Amino acid sequence: KKKKKKVPFQTRAMDRLRNSGPEKSVLPPVAQPPKPAPLTGRRQDGRTVEEPRKIFLRTKVVSQARGSAYIEMGSTKLTAACYGPRESSRMREYSARGQLTCELKYAPFACRRRRGHMMDDEEKEASALMEEALEPSLCLDKYPKSNIDVFVTVLESDGLDVAAAVTCASVALADAGIEMLDLVASSSAAYSKHGFLLDPVAAEVMQCDTRIVLSCMPSLGQVTGLVQTGSVPFADQSQVIHSCLQACAGVHQVQQLCLRDAAAKLLK
């Protein structure tokens, strides 16, 4: 019997339907999760436990909108655009009060996980919280059968973005000339068994079990929205709320200064 000759690998028939991989493979870069920050003493960014992040606020950033604003709180960056008041559709019944509609949407590149184009449950919940916090500050009875639409786009997410969205949207409404009782300022806090953190970032939110977002009208001393997920002991509840109210008072001063500078530029 004749021995079969071994055919070299290079001369064998190749499967054309199968794509051959490269000779050398490289592992794709994977984003590392943020390291947890300590809850006592100084944080990773140098702030104390009850120290909020610095705020940059500016108006007139969306030319097509009647009023708009841009805010930066650390790594959190978002824009708010206000359209209206405009006449509601004829299909709706006559209403003596205007209607506020808020929509918060994350940009696809805003988070570590790429966001889709359709609104998910988190964005719908944040939009509802914005409407609840902003509506008490508006004089909607002066805009019968009208709609006021506010669109918020989160460009970069780092922490509880609803607080920054409410603050920026309130400035956009004032920039649009909507009659308001007062500006709405918002702040956030996170709580765990080790204590609470004011204005937490994403790494600190992941470490804590309880999250609080408080919105208020500081000039009138009225709370327009309070959302809490988780539990806080009764002994610490008043301290957390008091710290959030103090943070809102500081945010309110930044809002007033921003609108004052914008009005001064128009008068020049």
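The dialogue that follows sets values against definitions.

Mentor: This is a predicted model, in which local features need pLDDT of at least 70 and side-chain atom pairs count only at pLDDT 80 or more, while totals for chains, interfaces and linings use all residues. Residues are numbered from 1 along each chain as its sequence is written, and side-chain values use heavy atoms, with hydrogens and water left out.

Trainee: Why is Thr 167 called buried?

Mentor: Buried means under 20% relative accessible area, exposed over 50%, and partly exposed in between (1.4 Å probe, protein chains only). Thr 167 has 2% relative accessibility and therefore counts as buried. By contrast, Glu 179 has a relative accessible area of 35%, which is why Glu 179 is called partly exposed.

Trainee: Which residues does Thr 167 touch?

Mentor: Contact means heavy atoms within 4.5 Å. Leaving aside residues up to four places away in sequence, Thr 167 touches Ile 71, Val 184, Ala 185, Ser 186, Val 251 and Gln 255. Thr 167 belongs to helix α2.

Trainee: How do you know that Lys 142 and Glu 179 form a salt bridge?

Mentor: The term requires a side-chain nitrogen of Lys or Arg within 4 Å of a carboxyl oxygen of Asp or Glu. The closest N and O atoms of Lys 142 and Glu 179 are 2.8 Å apart, so the pair qualifies under the 4 Å limit. Lys 142 lies in the loop between α1 and β5, and Glu 179 in the loop between α2 and β6 (185-192), so the pair ties together parts that are 37 residues apart in sequence.

Trainee: What is the N to O distance between Asp 199 and Arg 53?

Mentor: The salt bridge of Asp 199 and Arg 53 has a distance of 3.0 Å. Asp 199 sits in the loop between β7 (195-198) and α3 (202-207) and Arg 53 in the segment before β1 (55-59), 146 residues apart. Both Asp 199 and Arg 53 are buried.

Key
Helix = DSSP H or I, 4+ residues; strand = E, 2+ residues; numbered from the N terminus.
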